[in-house]
Amino acid sequence: MSHYRSNVRDIEFNLFEMLGIDRFLGSALFPDLDHEACRHVLSEVARLAEGPLAASFSDADRNPPVFSPESGSVTVPDSLKKAYAALRAAEWWRLEAPPELGGVAAPRTLVWAVAELILGSNPAAHLYGTGVPFAGVVHREGTQEQRRIAAHMIERGWGSTMALTEADAGSDVGAGRTKAVRQDDGTWHIEGVKRFITSGDHDLTENIVHLVLARPEGATAAGTKGLSLFIVPKLLFDLRTGEPLGRNGVQVSNLERKMGIKASTTCELRFGEREPAVGYLLGDTHDGIAQMFHVIEHTRMLVGVKAVATLSTGYLHALDHARTRMQSADLTRLGDRSAPQVAIISHPDVRRSLMLNKAYAEGLRALVLYTARWQDKVAAGEHAGSDVSTARAVNALLLPIVKGVGSERSYEQLAHALQTLGGSGYLQDYPLEQYVRDTKVDTLYEGTTAIQGQDLFFRKIARDGRRALDAVLTEIGDFLQSLAGDDRLRHERAAVSRARDAVTGMADAMLGHARRSSEDPRERYKAGQNTTRLLMCAGDLMVGYLLLRQADTAHRRLDQGHLSPADRAFYRGKTAVARFFALTVLPLLDAHRAIVEATDNDLMDVPEAAF
């Protein structure tokens, strides 16, 4: 039986009932897709995800890839090869490929919905397939000749990596020492060591294209501004045909031994140590960090989706167990030895835990697809030639929330889901223990949660002049106003409104610290102490807001009547979870606001020896 449990019903609810993507399907932007085509895609991908794709999930964890120091190569288990072959053969990756390279023009809302199903089923397989979106970056940023490389990446199914991190630099990308030396023929020789490189080597694809940040020899700009981005293949190849010609000077020197997601290879790569590592300057322009951010932003979204997808299937496992596990009498008959045992879903604290699982699983899914809807607005605006600056800014604002909050809350809630299974959840008999291990890395991938918090405040709010934040807060305010006449949602409406005020107050206080730092640099410490707090509270606000939108939609559907028992239960669940979250989670934001507004610098004055 498959470990993976999809929730296509909720995905469709978000896409069609809440976000209404039907309105632009079949347009000039997406001419080949309509409502039924999208539903067919989701149904078929779910069938693949629950079947052959999920089959290797536990086996590849128990029998992970093997590194051979002698050959400097990595071999993945046969079970994973079968799963990856099934994923490639199904060709749903064409939804992510540029239409110019054989792809299908699809809205990002559908692309990320499909990604959820695959990432929830077999995250390692999806990570090995990032050659497709990375080829899109090469195609968009590259020269005419380099677009031929992008075509090979798509047509020949090559893998790809993003090579940023170095041992001594860590998250400070600008401190990297990898260098690039220009050659007479226009190529570059790359010299340096990169670590924590996802999919750095494997035997699933014919070739692997590394996108490597390096500092050109003689570059004068310090930090990230002096970095350029290079296309460095594992195997050299004929540019015209793509046929491999032999090894390039890229060697795997280590395969990391990890807590989780063991089926995904995380490698140390050495460039130019034994022989030249030939690379090509992307776009023939020294604009590396800006080019790489196209990859980073995609990957941060991917990490958030991966975490939320795993939480969703983990919650459904916990829910099923709670419905079938008989234990103890009902709490109203506590102490009555004649009372029958009941399913544990009857116990109040189990219900509380399950409803919190549901709130974050469904609320964060809504956040992912809501963010993707802003990405669709960018694409539609660009197609129409209109101004998309606000849509771009809002998408940028939401990305650290999707990644940071999505990963933190999913890891936290999966631990609660495991609790529902009790001691059994700690065993490999159930997938929860692997879900927990595999999801912890999502809080670290592509920047830790602390980095996401700093990015949200210092770049996406302060540097942006809070334009994007105000756009979202205004949208929330307008929606709350639209509900003024619906007495059924008055408590939820009031809770979201107060949470909105709390996040606004936090941002105002921190912006005040940032402004005063021009006179007293230590004022910036006060903001820095609260960036993660603001991130998590902004995430809870968005979850509460989107659950309320879903509840409003559900009420309207319930009012229409003529529903099946399954649909009635589904919509009733939407109204219940919105109320639960509004009354039990959102009030906590007032306390966080008080903490932010009272922040001083006592923490920064504590001597290191006192820690």
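Helices (H or I, at least four residues) and strands (E, at least two) are DSSP runs, numbered from the N terminus. The model shown here is predicted, with local features needing pLDDT of at least 70 and side-chain atom pairs counting only at pLDDT 80 or more, while totals for chains, interfaces and linings use all residues. Residues are numbered from 1 along each chain as its sequence is written, and side-chain values use heavy atoms, with hydrogens and water left out.

**View 1. The second largest cavity has a volume of about 100 Å³.** On a 1 Å grid over the protein atoms alone, a cavity is a set of points where a 1.4 Å probe fits but cannot get out, whereas a pocket is an open set with protein on both sides within 12 Å along at least five of seven lines, and lining residues have an atom within 4 Å of a point. A volume is the space filled by probe spheres set on the points, which are joined across faces, edges and corners. Of the 13 residues lining this second largest cavity, Leu397, Ile401, Leu469, Val503 and Ala538 are the closest to its centre. Helix 17 gives the most to the lining, with 4 residues, and the lining has 13 nonpolar, no polar and no charged residues. In this classification Ala, Val, Leu, Ile, Met, Phe, Trp, Tyr, Cys and Pro count as nonpolar, Asp, Glu, Lys and Arg as charged, and the others, Gly among them, as polar.

**View 2. The largest cavity has a volume of about 250 Å³.** Trp93, Glu96, Ile118, His126 and Gly129 lie nearest the centre of this cavity, which is lined by 17 residues. Helix 5 (108–121) is among the elements that give two or more residues to this lining, and the largest share, 4 residues, comes from helix 5. The lining divides into 12 nonpolar, 3 polar and 2 charged residues.

**View 3. The largest pocket holds about 1500 Å³ of space.** Among its 42 lining residues, Arg108, Arg140, Gln375, Val378 and Glu382 lie nearest the centre of the largest pocket. The elements that each supply at least two lining residues include helix 9 (288–324) and helix 10 (348–384). By class, the lining of this pocket has 21 nonpolar, 8 polar and 13 charged residues.

**View 4. The second largest pocket holds about 1300 Å³ of space.** This pocket is lined by 50 residues, and those nearest its centre are Thr165, Leu444, Tyr445, Glu446 and Gly447. Helix 9 provides the largest share of the lining, 7 residues.
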